[in-house]
Amino acid sequence: MSEYIEALEQWLRKHANPEQAVPMQAYMRNQFPFLGLKSPERVELVKSFWKEHGVPKGEELLTAAVELWSLPEREFHYTALNLLDKRKKTAEISDIKVLGKLIVEHSWWDTVDILAAHSIGSLLRKYPELVSDYTERWIQSDNMWLRRTALLYQLRYKESTDTERLFRYMESCKHEEEFFIRKAIGWALREYAKSDEEAVVRYVQGAGLSPLSVKEALKHIKA
């Protein structure tokens, strides 16, 4: 562990609130331990740390994010996501291997969705040559979180969405009973409907999606 991350870890642990951690853990179905730092407080603490110690750049930033991810408490993972957000403009093609690894470690919707729609979505837009190799493997993966990532990485693409790929990926997993997959299908459709409502309605009418996916997809579309 680098001295930088050791100092950041000590700084956040210093402000831990065990009583507050209990309901935070319960909200996440006790998937992970928490320090008990609510988002606004954690963000301010991290900003204060950055003001004194600076923000890592280049490969050091990526390494710092991975080191934070190795710690057990969820606030460290959220802080890693904050770091990765600063990496988007300077991300390199090799970042995809690290991001893919983070998807399958400490996996739950609160980190996977941000990685998918922000870090990975941004990287694949910057390096479109990665799309066929990685997302095609992810949508066929046994790991549900990788399949969810393949469904959600275009969440912010709007008119640039590759609809052929999006709908094809949905077709490949629309019969799954997994809640997080059905929810992802609906969410992706709901977002794309902001750019092409008619295309989404047509797809939903003929796709035979689960009720949950349909409900989510048409949530903001008037009858």
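Buried means under 20% relative accessible area, exposed means over 50%, and partly exposed lies in between (1.4 Å probe, protein chains only). Keep those cut-offs at hand for the tour.

This is a predicted model: local features need pLDDT of at least 70, side-chain atom pairs count only at pLDDT 80 or more, and totals for chains, interfaces and linings use all residues. Residues are numbered from 1 along each chain as its sequence is written, and side-chain values use heavy atoms, with hydrogens and water left out.

**Stop 1: H8**

Select Asp-133 and Arg-137. They form a salt bridge, with the closest N and O atoms 3.2 Å apart. Such a bridge is a side-chain nitrogen of Lys or Arg within 4 Å of a carboxyl oxygen of Asp or Glu. Both residues sit in helix H8 (residues 131-139), four residues apart, so about one helical turn separates them. Helices (H or I, at least four residues) and strands (E, at least two) are DSSP runs, numbered from the N terminus. Asp-133 is partly exposed at 42% relative accessible area. Arg-137 is partly exposed too, at 45%.

**Stop 2: Arg-87 and Glu-59**

Now pick Arg-87 and Glu-59. Their side chains meet in a salt bridge (3.4 Å, N to O). Arg-87 lies in the loop between helix H5 (74-85) and H6, and Glu-59 lies in helix H4 (residues 58-69), so the pair ties together parts 28 residues apart in sequence. Is Arg-87 buried or exposed? Arg-87 is buried, at 4%. Glu-59 is partly exposed, at 44%.

**Stop 3: H6 against H7**

Show helix H6 (residues 95-103) and helix H7 (residues 109-126). Their axes come within 10 Å and cross at roughly 165°. Axes are lines fitted to C-alpha atoms, for helices over the stretch in contact, and angles run from 0 to 180 degrees between N-to-C directions. H6 is therefore roughly antiparallel to H7 (the term covers angles over 145 degrees).

**Stop 4: Lys-194 and Glu-191**

Select Lys-194 and Glu-191. A salt bridge joins their side chains (3.0 Å, N to O). Lys-194 is exposed, at 60%. Glu-191 is partly exposed, at 21%.

**Last stop: a network**

Select Glu-136, Asp-162, Glu-164, Arg-165 and Arg-168. Salt bridges that share partners join these residues into one network. How many salt bridges does a search of the whole structure find? It finds 19.

How values were computed. Parallel < 35°, antiparallel > 145°, perpendicular 65-115°, else oblique.
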